[in-house]
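This briefing is for a reader who is meeting the structure for the first time. Please look over the sequence and the model below, then go through the points by topic.

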Amino acid sequence: MKHIFTTMLGIEIGFTTKVEDFIKHGDEKITYTKQPLQNEFFIRSHGLLFEQGIEDVEIQVKSWDNVPCFFSTGERSNLPFDVFAATFYLISRYEEYLPHVKDAHGRFSYRDSLAYKHKFLERPVVDIWAMKLFMVLKERFPGLKQRPRKYRYLSLIDVTTSHCYANRGFIRGLAGFLLDLGTFKFKRLVERVAVGLNIKKDPYDNFEILIEWHRKLKVKSIFFFQFANYSKYDKNVSTNSNRFRALIKHVGDYSKVALAASYSSFNDLDLLRNEKHNLEQVVNRPVNCSRMRYNRVDIPDTYRNLVSAEFTDDYTMGYSHKIGFRAGTCTPFQFYDIPLEVKQPIMVYPFVLHDYALLDIKKKAEVEKRMDLVYQEVKLVKGMFISVFSNELLGTNEKYDWKEIYKNLISKYNV
């Protein structure tokens, strides 16, 4: 309720369980119970918010003025569904506590989500519900005022591999050369040699042009650098590389720098703390923001680990290969730990668009159309449009000119 009223609508609220205090209150008031007391604004409560722990909840998705909703309330309620329980179900990621089959990287699949199954994954329904709730309340309480919301855009740049060929040391460079030669990747071989002889710039080294675009268009951005040891899934430049450290410092002069946590640190709290500390030593300032490798989130353990490592903001909430609102919202929210029944001191910033979700779209015009649709959804509710692009994909021209797509995106959506 505080998230809907205070965070999203900017309306301060209080709570009481005493009937006499509620009746005496002369200003706007709502009852959230099974039965109304008098003729006040009444929302019939679903049982979800009065439970402890996790139960397999039966859900029937219906429509409210062409907006999907669930947890119906019945005729006497002033709303046709329990907006508070439905919001909690989505932003707490209740469904991710329930039994489900994880993918190869231990991730919850978008195919198992209620939003995907009922075709509202690309709509920020929580924000739409909040907007509609205010409109209904305004009819009943004409003097009610909402704090103005402002649309915002934020660009996240994943730097899990800062360079394709450069700054990788003699041994790794030689191994890569022999691998390309042995697998007949002659185009990569020529490119690798050209970069090694300083004839050509490393394809992943797009930092200067990104900084320039962000500066010119006044785009707010965060660069997430992986700063970890080499492993099967972590293949960035060595943390001992002075050129790599200098790059991080240089980017940090123009943009916020944060940690792209390694694959290896997912279930290793000490390693996660160590990576955070080492990156802080490079940038000489606290690193409070995180993104998990491959968008791996194991509810609630991932957020507990991030809190223990003293992160305050996380930007992992979304799907790598599907456009959409994983938590049903484009508004940052504080993570609620259901088993512990406590709000954890970490803000979750949900992204709607990951560049790898665009790879399977066959035509460039369709790519732009899909991006425009979610932009319009976010713009309508004055939410926060967060996109994730990696310097790896931006450094390739396979299928599309990804830098051109990215530049068009930040030009159109940063308004």
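Pro300 lies in the loop between strand 8 and helix 11. A cis peptide bond joins Ile299 to Pro300, with omega at about 0°. The model is a predicted one.

- An open sheet is formed by 9 strands, in the order 10-11-9-8-7-6-5-13-12, and the pairing is mixed.
- Its edge strands are strand 10 (333–337) and strand 12 (353–354), each of which pairs on one side only.
- Helix 9 packs on the sheet and touches strand 6 and strand 7; the direction of helix 9 makes about 165° with that of strand 6.
- Strand 8 (residues 289–292) and strand 9 (residues 313–314) run parallel and are joined by 2 bridges.
- Across this pair, Cys289 stands opposite Asp313 in strand 9.

**Strand 13**

- Leu154 stands opposite Ile386 of strand 13.
- Strand 12 also runs parallel to strand 13, to which 2 bridges join it.
- The bridge partner of Leu353 in strand 13 is Ser387.

**Helix 10**

- Helix 10 (residues 269–283) has 15 residues. From first C-alpha to last it reaches 21 Å, close to the 21 Å expected at 1.5 Å a residue.
- The buried residues in helix 10 are Leu272, Glu275, Lys276, Leu279, Glu280, Val282 and Val283. They lie on the same side of helix 10 because they cover an arc of only 160° around the axis.
- The elements that cover these buried residues include strand 6 (221–225), helix 9 (242–252), strand 7 (256–261) and helix 11 (301–308).
- At the N-terminal end, Asp268 caps helix 10: one of its side-chain oxygens lies 3.3 Å from the backbone nitrogen of Asp270.
- Asn284 follows helix 10 and has a positive phi, near 60°.

**Thr316**

- Thr316 is found in the loop between strand 9 and strand 10.
- The side chains of Thr316 and Asp314 are joined by a polar contact of 2.9 Å.
- Beyond its neighbours within four places in sequence, Thr316 is in contact with Ser290, Arg291, Met292, Asn295, Arg296, Val297, Arg326 and Phe351.

**Positive phi in loops**

- Asn66 lies in the loop between strand 3 (62–64) and strand 4 (67–69).
- Phi of Asn66 is near 70°, a positive value in a residue other than glycine.
- Asn66 has a relative accessible area of 67% and is therefore exposed, the cut-off being over 50%.
- Glu310 lies in the loop between helix 11 and strand 9.
- Although Glu310 is not a glycine, its phi is positive, about 70°.
- Glu310 is exposed, with a relative accessible area of 57%.

Methods. Residues are numbered from 1 along each chain as its sequence is written. This is a predicted model: local features need pLDDT of at least 70, side-chain atom pairs count only at pLDDT 80 or more; totals for chains, interfaces and linings use all residues. Side-chain values use heavy atoms; hydrogens and water are left out. Helices (H or I, at least four residues) and strands (E, at least two) are DSSP runs, numbered from the N terminus. The expected span of a helix is 1.5 Å times one less than its number of residues. Buried means under 20% relative accessible area, exposed over 50%, partly exposed in between (1.4 Å probe, protein chains only). The arc is that of the directions from the helix axis to the C-beta atoms. Contact means heavy atoms within 4.5 Å. A polar contact is a pair of N or O atoms within 3.5 Å; within protein, one must be able to donate a hydrogen and the other to accept it, and residues adjacent in sequence count only if both atoms are side-chain atoms. Two strands pair if DSSP finds at least two bridges between them. Axes are lines fitted to C-alpha atoms, for helices over the stretch in contact, and angles run from 0 to 180 degrees between N-to-C directions.
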